[in-house]
Amino acid sequence: MSVTAARVEPSIAGVGDYIELMKPRVMSLVVFTALVGLLLAPGHVHPVIGFTALLCIAVGAGAAGALNMWYDADIDARMARTAGRPIPAGRLARGDALAFGLTLAVFSVVVLGLLVNVFAALLLAVTIAFYVCVYTMWLKRSTPQNIVIGGAAGALPPMIGWAAVTGDLALQPLVLFLIIFFWTPPHFWALSLYRTEDYVRAGIPMLPVVSGATETRRQILFYALILAPLGTAPWLLGYAGLLYGVVALVAGAAMLGLAFRVRTEQRGHIASKQMFGFSILYLFLLFAMLLVDRFSAGLFGPLIGGLAAGA
Amino acid sequence: MDDPTREQKPEETGIKLTEQQQRARRARSIAIGLALAALALLFYIVTLVKGPGVLERPL
């Protein structure tokens with residue numbers, strides 16, 4: 001019997017490959033939603049501490065992305081959308097991705113705990129663990145409800161941002177959590193409708209693979225029907241003003257309109273692609289308007305108050 | 001008289017990096033160095049910002 005040691009080739013991975021491992025586009029959305037949570041929270045946080053919190057959340061999201069790519073390298077290689085990622089493309093070894101992801105995860109949580117507060121660090125640790133262990137390792141390959149339950153990981157960053165300021169949670173960040181949570185299924189199922197072949201090849205039980213396109217279109221509409229009114233909740237609950245309410249109503253109506261179009265689309269995937277693209281804009285609009293609403297009240301509130309008093 | 005065989009160096013048997021591998025390794029080393037420097041700077045600035053309360057970490 002002969003024993004041959006596997007020869008480990010020196011890495012050719014560049015800095016860009018490691019950045020790609022951190023899923024920068026996902027990271028940017030995570031940072032933005034966390035920023036909104038941080039700025040909406042009552043109380044004051046020093047800008048340096050706020051920056052540190054956002055940096056840790058960004059690095060934590062990057063760690064989760066790297067660990068996801070480490071675990072999913074086999075199925076990434078079988079999907080056209082992901083075959084060019086650093087590991088399946090052969091530019092980066094799986095072990096290196098694992099070491100990178102674990103290092104970032106530990107650093108982000110420890111630094112957040114040391115420099116900001118322990119509760120926010122615990123939430124970040126839960127988010128990373130949920131995304132990697134619950135979504136990536138378990139749900140993704142075993143149930144068509146993978147992105148529904150796994151969506152909780154993507155919905156937590158506003159709560160971490162809030163907790164970085166206050167050290168606890170309240171109803172307001174929970175509403176933000178719910179908006180992202182119910183936004184996730186129509187967003188990803190719209191994508192999976194026109195990427196079904198990829199998911200079949202990779203053996204991932206996405207809803208269109210398991211239950212078919214018709215059921216997926218029905219479920220997209222179902223979640224859009226929950227999401228559209230939920231998007232107005234910050235206004236209805238008094239956390240945001242009329243400006244936010246109007247934008248949430250109009251954008252929610254557009255989401256519903258697109259969901260109806262996806263539901264009735266017989267051939268092609270034009271509506272699905274529009275739904276996927278618009279869903280990103282929808283979430284961005286809602287969170288951006290929360291910021292605009294918050295800061296316009298601070299800027300123009302005294303002026304409006306003064307005008308009212310003078311009238 | 002010197003022994004001519006002593007002049008000969010033994011052939012290198014280790015892994016020899018290609019130019020691409022050397023470039024990648026250098027870029028990674030610089031990135032790690034910059035990241036560590038940034039982390040040290042961050043801790044320094046936060047220490048200045050928090051002052052004596054730097055070790056107070058509320059839950």
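**Entry 1: a helix of chain B**

I began with Arg23(B) and Glu19(B), which both lie in helix H1 (residues 19-50) of chain B, four residues apart, or about one turn of the helix. Helices here are DSSP runs of H or I with at least four residues, numbered from the N terminus. The side chains of this pair meet in a salt bridge at 3.8 Å, N to O, where the term asks for a side-chain nitrogen of Lys or Arg within 4 Å of a carboxyl oxygen of Asp or Glu. I found Arg23(B) exposed, and Glu19(B) likewise; exposed means over 50% relative accessible area, buried under 20%, and partly exposed in between (1.4 Å probe, protein chains only).

I noted that this is a predicted model, in which local features need pLDDT of at least 70 and side-chain atom pairs count only at pLDDT 80 or more, while totals for chains, interfaces and linings use all residues. Residues are numbered from 1 along each chain as its sequence is written, chains are lettered from A and ligands numbered from 1 in the order in which they are written, and side-chain values use heavy atoms, with hydrogens and water left out.

**Entry 2: salt bridges in chain A**

I counted 10 salt bridges over all chains by this rule. In one of them the side chains of Arg141(A) and Asp74(A) meet at 2.9 Å, N to O. Arg141(A) lies in the loop between helix H6 (118-136) and helix H7 (146-155) of chain A and Asp74(A) in helix H4 (residues 73-76) of chain A, so the pair ties together parts that are 67 residues apart in sequence. Both are partly exposed, Arg141(A) with a relative accessible area of 31% and Asp74(A) with 37%.

I then looked up Arg217(A) and Glu265(A), whose side chains meet in a salt bridge at 3.5 Å, N to O. Because Arg217(A) lies in helix H12 (residues 213-231) of chain A and Glu265(A) in the loop between helix H14 (242-264) and helix H15 (270-310) of chain A, the pair ties together parts that are 48 residues apart in sequence. Arg217(A) is buried, as is Glu265(A).

I placed Ser108(A) in helix H5 (residues 94-115) of chain A, where it counts as buried at 2% relative accessibility. Leaving aside neighbours within four places in sequence, Ser108(A) is in contact (heavy atoms within 4.5 Å) with Cys56(A), Val59(A), Gly60(A), Leu124(A) and Ile128(A). Its side chain reaches the backbone oxygen of Ala105(A) at 2.9 Å.

I next took the largest nonpolar core, which has 101 residues, those with the most contacts inside it being Leu112(A), Ile179(A) and Phe287(A). A nonpolar core is a set of buried Ala, Val, Leu, Ile, Met, Phe, Trp, Tyr and Cys residues joined through side-chain atoms within 4.5 Å. Not counting residues up to four places away in sequence, Phe287(A) touches several residues, including Phe32(A), Val36(A), Leu176(A) and Ile179(A).

**Entry 3: the interface**

I read off 19 residues of chain B in contact with 24 residues of chain A. The two chains bury about 1,800 Å² between them, 74% of it on carbon and sulfur atoms, buried area being the accessible area (1.4 Å probe) that two parts lose on being put together, summed over both. Between chain B and chain A I counted zero salt bridges.

Note on methods: Helix = DSSP H or I, 4+ residues; strand = E, 2+ residues; numbered from the N terminus. Polar contact = N/O pair within 3.5 Å; in protein donor to acceptor, adjacent residues only side chain to side chain.
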